[in-house]
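Please read this briefing with the sequence and the structure side by side. The points are grouped by topic, and each can be followed in the viewer as you go.

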Amino acid sequence: MYAGIDAGSRAIKVVLIGEDGPGVVAQGQVDQGVEQDKIACRLLEEVLAQTGVDRSQVCRIVATGYGRNAVSIADTTITEITCHAVGVRQLVPAAMTVIDIGGQDSKLMRLDTNGRVRDFAMNDRCAAGTGRFLEVVADRLGLSLGDLGPMAARSRNPAVISSMCVVFAETEITGLLAAGRACEDIVAGVQTAIAARIVAMAGRNIEAPVIFTGGVARISGMETALQTALGRPIAPAPEPQMTGALGAALLARRQRGSD
Amino acid sequence: MGKCCDKKDVKINASDPCHPPQPVRSGSPNATSRVWEPGVPVRAYQETPDGVITNGQPLAWFDNMIPNCLAYATDAKAQGKHIVGIMCEYTPRELIMAAEAVPVCLCGGSAEMIGPAEEHLPANLCPLIKSTYGYHVQKANPFLEMADLVVAETTCDGKKKMYELMAETRPMHVLELPQKPDDADALAHWISELRKLKARLEEAFGVTITDEKIRQAIRTMNRERALRRRLADLMKSDHPPLTGRQLLQFKSNISGMCADFAQYTRALESYVGWAVPTNLQGVNSTTNGGHSPPYKARVLMTGVPVVHGAERVVEIIESNGGLIVCMDNCTGLKPILEDVDETAADPIVALAEKYFRLPCSVMTKNSRRLDILRHLAREYRVQCVIDLIWQACLTYDVESYFIKKLAEQELGLPYLRIETDYSPGDSARIALRVEALFETVRQRACA
């Protein structure tokens, strides 16, 4: 049995896989917190308990995500860049590009024909173009993250959000609300702005198939916004939030026997 | 060079407790008996509680570089010599030395100086310029406070305009650097700029700069460049005796100090067994790919200079699985790759020719930088290229387009561009990128 733990900025995810085969034995997810080491450990125990697997049967654990170095039960760490690529390739063997939008990061990975990361880009010292942007907007409009997609879908005339910075974008949204713009137009505008940031970061040279991962891929409308901005079809990964943990588990299995 | 040798060696312990590292023969790396860790042999030096270094290790000497330089400059000043601040590798130190003055590098590497600088300078400016200027307004750089003259040059727009602010209160000579390196009249103009600098130094300090004095300074600088080149050569080995961070330490804000030369020589003597035999140079070796951890990816670092105090990114790279075997920037190989002709009939022309060939991104076109990178990538058998850009350094930032193309398309090497400043806020994010880069390198090496 092999485990992958993805300690992301907003959630911790665990995936458990067996000795061979593509199937996932069990998985789980919990919100991130201050004591992430304990949270990750407890989550793994819970996932094991669900399936009746004993901890001693897990022969290797790989941690990934921004909190990877804090996960003390892990045997080793691998960056989420490599893990997402491996996880996506498992689910979509033809994938050539991965776009991952998480709580505080957005990344684009170009893969080679063997599925290895050829090149990647990620956001710098700025949260524009990440899930955090959507959280700020939802909060400002008194909505939950789950409301954003259906709301954006109702927009006929998305607002233009020009601020590069989440903090200034919030100010801009206040201005739009004061000017009487509808919430749906603002939400749709924010989705378009995030997609535009991703395209600016990625450049035009993007090879299909493009697979969308990370928590933000679960928000409906983001996929369409990205598709429009990139000018090519994008498929969200099945369970897009779990691909990093899946990749970590697969890499743990590849490393078997290494120590 | 004369007298300074007699008195400045005092900090070196006469009974040398230095144990030269056991040479690892490049032909037979023995991974099973010994896990190789670059730089291990030179870490063991001790400091007494009052901070005095009691061990004569060369690295310990250079860890003390600023106090060493300060003592040297203070003595020189007391002897009636002049101190000249410089801020770029285009400035020929030889002319200043020939004027019996001491050239001191003033480039700022401190994040703390950036706040004060932003009272006058825009926030969106490179941290090196801001830090250097911050020292100026705070009067916090003792070398700048000692300086009788500052020699600057028209390189990037940010520096050029910053010098105008600095010149309000300090004597300043600005060299006009032509920026089309392949034009014959550009070199002619650069020669005339150096002649003007010579005249300025003679007038300011009441000295006569003879050709013979320039030639003597050229010999000193050539010797320094040769010593530092040989140290850099050690990194060609499959198992370099130093980390890139340690190699970066082997430099001085004041050139031509005899005590430094003695330490460069000692370092070379203690590491010489590590040098890769010439018949193995150019062998594309991924032999250390067979090592169990710690596997180190061989990194070619290019881009902006990494001045004293601003080594954060270098340290991040080397603590996350990389070994910087080669730095082509202005604090690395770029200024020491070529020497000045000691026998030229007109030494100023010889100086102009050498210095004008520096491949800085302010030049257009700067194809010489690409030529050098091609050569270094091969010589040092690098596995990836990391391009460091100080935030708002427009020329290096734009030029990264060509470096990426060269690395990925021509050399077939993974490329990573890091844009940052002196503040540590993005260290974790930079670590993530370099770690991911090295995972790619490892996958390739194992494939």
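E239(A) lies in the loop that runs between β10 and α8 (243-254) of chain A, and its phi is near 50°, a positive value in a residue other than glycine. The structure is a predicted model, with scores of ipTM 0.88 and pTM 0.86. The points below turn to the backbone, the sheet, the domains, the helices, the contact between the chains and the confidence.

**Cis peptide bonds**
- In chain A, a cis peptide bond joins A208(A) and P209(A), with omega at about -5°, and P209(A) is found in the loop between α6 (183-202) and β9 of chain A.
- In chain B, T364(B) and K365(B) are joined by a cis peptide bond with omega at about -10°, and K365(B) has its place in the loop between α14 (347-356) and α15 (367-379) of chain B.

**The sheet of chain A**
- Five strands of chain A make up an open sheet with mixed pairing, and their order across the sheet is β8-β7-β6-β9-β10.
- The edges are held by β8 and β10 (234-236) of chain A, each of which has a single partner strand, so one side of each is left without a neighbour in the sheet.
- From one strand to the next, the twist averages 20°.
- Within this chain, strand β6 (residues 97-101) of chain A pairs with strand β9 (residues 210-213) of chain A in the parallel sense, over four bridges, and T97(A) stands opposite V210(A) in β9(A).

**The two domains of chain A**
- The domain assignment divides chain A into domain 1 (1-92 + 241-259) and domain 2 (95-236), and 26 Å separate the centres of these domains of chain A, taken over C-alpha atoms.
- Where the domains meet, 13 residues of domain 1 of chain A are in contact with 19 residues of domain 2 of chain A.
- On the side of domain 1 of chain A that touches domain 2 of chain A, α2(A) gives the most, with six residues, and by class that side has five nonpolar, six polar and two charged residues.

**A pair of helices in chain B**
- Helix α6 (residues 127-138) of chain B and helix α8 (residues 157-166) of chain B pack with their axes 10 Å apart, at an angle of about 5°.
- Angles under 35 degrees count as roughly parallel, and α6(B) and α8(B) are therefore roughly parallel to each other.
- From α6(B), the residues I129(B), Y133(B) and H136(B) meet G158(B), K159(B), M162(B), L165(B) and M166(B) in α8(B), and by class this contact has five nonpolar, two polar and one charged residues.

**Where the chains meet**
- Chain A and chain B each bring ten residues to the contact between them.
- On the side of chain A that touches chain B, the elements that give two or more residues are α2 (80-91) and β8 (117-122) of chain A, and β8(A) gives the most, with three residues.
- By class, that side of chain A has five nonpolar, two polar and three charged residues.

**Confidence in chain B**
- Chain B has a mean pLDDT of 85, and 83% of its residues reach 70 or more.
- Over residues 1-36 of chain B, however, pLDDT stays under 50, and the model has 46 contacts beyond four places in sequence for this stretch.
- Over residues 39-55 of chain B, pLDDT also stays under 50, and here the model has 25 contacts beyond four places in sequence.

Methods
Residues numbered from 1 in each chain as written. Chains lettered and ligands numbered in written order. Predicted model: local features only at pLDDT ≥ 70, side-chain atom pairs only at ≥ 80, totals over all residues. Contact = placed C-beta atoms within 7 Å. Nonpolar A, V, L, I, M, F, W, Y, C, P; charged D, E, K, R; others polar. Pairing = 2+ DSSP bridges. Axes fitted to C-alpha atoms, helices over the stretch in contact; angles between N-to-C directions. Domains from an automatic or database assignment. pLDDT = per-residue confidence, 0-100. Parallel < 35°, antiparallel > 145°, perpendicular 65-115°, else oblique.
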